[in-house]
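Have the viewer open while you read.

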Amino acid sequence: MSESAPLFGQDERDVAERLLLIAGLALDRANRAHMLEISNQDLAAANDELQAFVYSASHDLKNPLIALLGYVDLLKSDNVFEEGSEAAMFIERIEANGWFMSALIQDLLELSRIGRIEEHEEPVDLEQVVGTASETVTVEYPTLQVVVGSALPTLLASRTRVQQLVTNVLANAGRHGGEGVEVVITAEPDEHGLTRIVFQDTGPGVDPAHARRIFRLFERLETGSSDGTGIGLTICRKIAQSLGGDMVLEDSSAGARFVATVAPTHVVSPSTPEAADTSTTTNGHAAGRPALTAQTESTP
Amino acid sequence: MTPVKKTVRVLIAEDNEDHRFFIVRALRDAGGVHLEIETVNDGEEVLDYLYRRGAYADRPRPHMILLDLKMPRRDGLEVLEVIKNDPALRSIPVSVLTSSDRPEDIDAAYGLGGNSYLLKRSDPAGLKQELATVSEYWTEAAVLPDPPD
């Protein structure tokens with residue numbers, strides 16, 4: 001019996017083997033991509049679930065708190081305890097802790113909402129927001145000075161969230177910056193085409209070793225009830241991230257410098273024309289509104 | 001001659017005993033018209049009351065309802081849907097009074113025909129003021145229909 005000639009030559013077999021190898025690699029890559037997509041979906045679902053849990057838990061905590069503060073109010077208004085007594089002091093402490101818990105819950109609720117709930121975006125004049133935020137924050141920190149140091153952009157964003165970001169940064173400066181602390185707010189493009197919104201204060205600054213830590217949930221660098229909830233800067237960072245950017249603490253020779261970046265898709269106009277050639281100092285007044293402006297000075 | 005005070009019957013649906021206490025107290029302190037306040041503890045009881053079932057067989061229908069959302073057995077949105085889909089009950093104004101500020105809940109409540117949506121304030125003074133405003137609006141400013149028989 002004669003040996004039959006092979007159906008395919010060596011070259012053809014080599015090509016087939018190579019094709020098989022390529023197909024195998026492509027299949028492997030497709031599988032990996034599919035697995036990665038599933039992992040991403042699982043991660044997104046777990047993240048959504050976690051945020052929904054935080055929202056529900058925070059919301060449920062509000063109910064006992066309403067009751068707790070209500071009864072404290074009744075005890076105080078009925079003068080059940082003698083003024084200056086230990087019992088009266090205990091009631092004051094219960095109330096103070098109740099209010100602190102209320103602030104914590106509110107901040108957690110806000111944090112869980114950012115990015116989870118679609119919010120109405122509109123053109124938001126940052127300079128106007130700075131004015132309103134200054135008015136709010138200087139009620140608690142009357143010596144805080146807020147200076148608009150350059151033209152500020154109009155952002156395409158949720159007005160509430162931008163207001164929250166600016167208010168939190170200013171409150172942070174008021175809380176930690178000491179008497180008469182000044183915050184200068186400027187805007188500039190960065191090398192990646194993002195807009196940098198810079199908050200430079202004249203306070204004691206933050207140790208660079210804590211630059212990342214301060215944005216973590218519940219992180220506080222000082223003890224004491226005046227130190228806020230430890231959620232404010234986490235909220236700021238999440239807001240900046242929802243605007244396609246981020247928020248960092250940059251090295252600064254004096255004071256603290258917080259920088260929020262915003263993606264071009266969230267910037268309607270890089271600056272407001274009226275603000276382009278002046279800077280405005282506010283102390284509890286709206287920036288950019290001449291009648292309420294405490295002081296106007298030339299751009300350095 | 002002393003003018004006869006108008007009487008407004010308010011049904012409060014609230015499962016939290018403490019919140020019920022504060023709501024009733026704040027409404028009583030608000031003054032104005034004479035309020036007849038009835039309270040129920042969950043969504044099923046709201047419907048028993050409105051359909052005069054069991055212990056509520058002889059109760060008159062309320063002029064208005066203050067409705068919590070998160071309640072056992074039947075939640076506030078389910079109850080609202082039943083009320084606003086029943087021609088015999090839908091004319092009764094329903095104000096949702098809840099601690100939920102979820103946009104989904106607000107949209108759902110108005111979508112089902114709720115007449116107002118009120119957030120329970122955490123601060124006692126704010127809650128009192130809020131309920132005084134609600135009471136004044138619904139019992140003095142607004143003209144309410146006679147409750148259905």
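Chain B puts 20 residues in contact with 17 residues of chain A, where contact means heavy atoms within 4.5 Å. This is a predicted model, so to speak: local features need pLDDT of at least 70, side-chain atom pairs count only at pLDDT 80 or more, and totals for chains, interfaces and linings use all residues. Residues are numbered from 1 along each chain as its sequence is written, chains are lettered from A and ligands numbered from 1 in the order written, and side-chain values use heavy atoms, with hydrogens and water left out.

Together the two chains bury about 1700 Å², with 56% of that on carbon and sulfur atoms; buried area is the accessible area (1.4 Å probe) lost when two parts are put together, summed over both. How many salt bridges does the rule find across the interface of chain B and chain A? It finds one, taking a salt bridge as a side-chain nitrogen of Lys or Arg within 4 Å of a carboxyl oxygen of Asp or Glu. The partners are K128(B) and D73(A), at 3.3 Å from N to O.

On the side of chain B that touches chain A, helix 1 (17–30), helix 4 (103–111) and helix 5 each give two or more residues. Helix 1 of chain B gives the most, with five. By class, that side has five nonpolar, five polar and ten charged residues.

A cavity here is a set of points on a 1 Å grid over the protein atoms alone where a 1.4 Å probe fits but cannot get out, and lining residues have an atom within 4 Å of a point.

| Cavity | Volume | Top contributor to lining |
|---|---|---|
| Largest | about 60 Å³ | helix 4 of chain A, three residues |

The lining of the largest cavity has ten nonpolar residues, no polar and no charged; among them are L126(A), F199(A) and L243(A). Helix 4 (159–176), strand 5 (195–201) and strand 7 (257–262) of chain A each supply at least two of its residues.

For the second largest cavity, the lining splits into seven nonpolar, two polar and no charged residues. It includes M64(B), S135(B), W138(B) and T139(B).

Notes:
1 Å grid on protein atoms, 1.4 Å probe; cavity = no way out; pocket = protein on both sides within 12 Å on 5 of 7 lines; lining within 4 Å. Points joined across faces, edges and corners; volume = space filled by probe spheres on them. Helix = DSSP H or I, 4+ residues; strand = E, 2+ residues; numbered from the N terminus. Nonpolar A, V, L, I, M, F, W, Y, C, P; charged D, E, K, R; others polar.
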